[in-house]
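Please consult the sequence and the model shown here.

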Amino acid sequence: MAKDNNRIKASETELKEKLVNLNRVAKVTKGGRTFSFAAVVVVGDGNGTVGHGLGKARDVSESIAKAVDDAKKNLVKFPIQGGTIPHEQKGKYGAGKVLIKPASDGTGLIAGGAMRAVLEIGGVQNVLAKSQGSSNPHNVIKATIDALQKLRSPQDVARQRGITLEKLYQG
């Protein structure tokens, strides 16, 4: 995973939540089947902050609540510029591989499934995204967040290189 330097506290922001996947799991005992639920949730403020969580319980609403609590502990911040991302980036987690590219205004959010949920809740409006590996929502979400964590704004790049923004754009 990427560095933890862009983690933030859940109490600092107003967060929205979105259920990505709800899985019913059966445990077979001699008394019959016992059902429980595993919920995968993403939370974000719609302004460059996103987190994911997993919650398991015998009840659907309880598993979702646990997932939201877990997601609030895993928040990361990433740069957004004019409703899109600053540059193209690849992310990887396990067998989940994703590619996200910036898009011009009016393109919309072109992404599928779990990636769409993460980007939507993070506040990205225009982006082209492709999931290239596993379709498992857990790994796709973590790969997407990995890609978002690797993003750097032009201001950060200029500061790290010790040059002005104008000089950065000149090449």
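**Terms and their grounds**

In strand 8, K130 is the bridge partner of L99. This is a predicted model, in which local features need pLDDT of at least 70 and side-chain atom pairs count only at pLDDT 80 or more, while totals for chains, interfaces and linings use all residues. Residues are numbered from 1 along each chain as its sequence is written, and side-chain values use heavy atoms, with hydrogens and water left out.

Q: Which residue of strand 6 stands opposite K90?
A: K90 stands opposite L99. Strand 5 (residues 89–93) and strand 6 are antiparallel and joined by five bridges.

Q: Why is S134 called buried?
A: Buried means under 20% relative accessible area (1.4 Å probe, protein chains only). S134 has 17%, and therefore qualifies as buried.

Q: Where does S134 lie?
A: S134 lies in the loop between strand 8 (127–131) and helix 3 (137–150); helices (H or I, at least four residues) and strands (E, at least two) are DSSP runs, numbered from the N terminus.

Q: Which residues are in contact with S134, leaving aside neighbours within four places in sequence?
A: Contact means heavy atoms within 4.5 Å. On that basis S134 is in contact with A95, G96, N139 and V140.

How values were computed: Buried < 20%, exposed > 50% of the residue type's maximum accessible area, 1.4 Å probe, protein only. Pairing = 2+ DSSP bridges.
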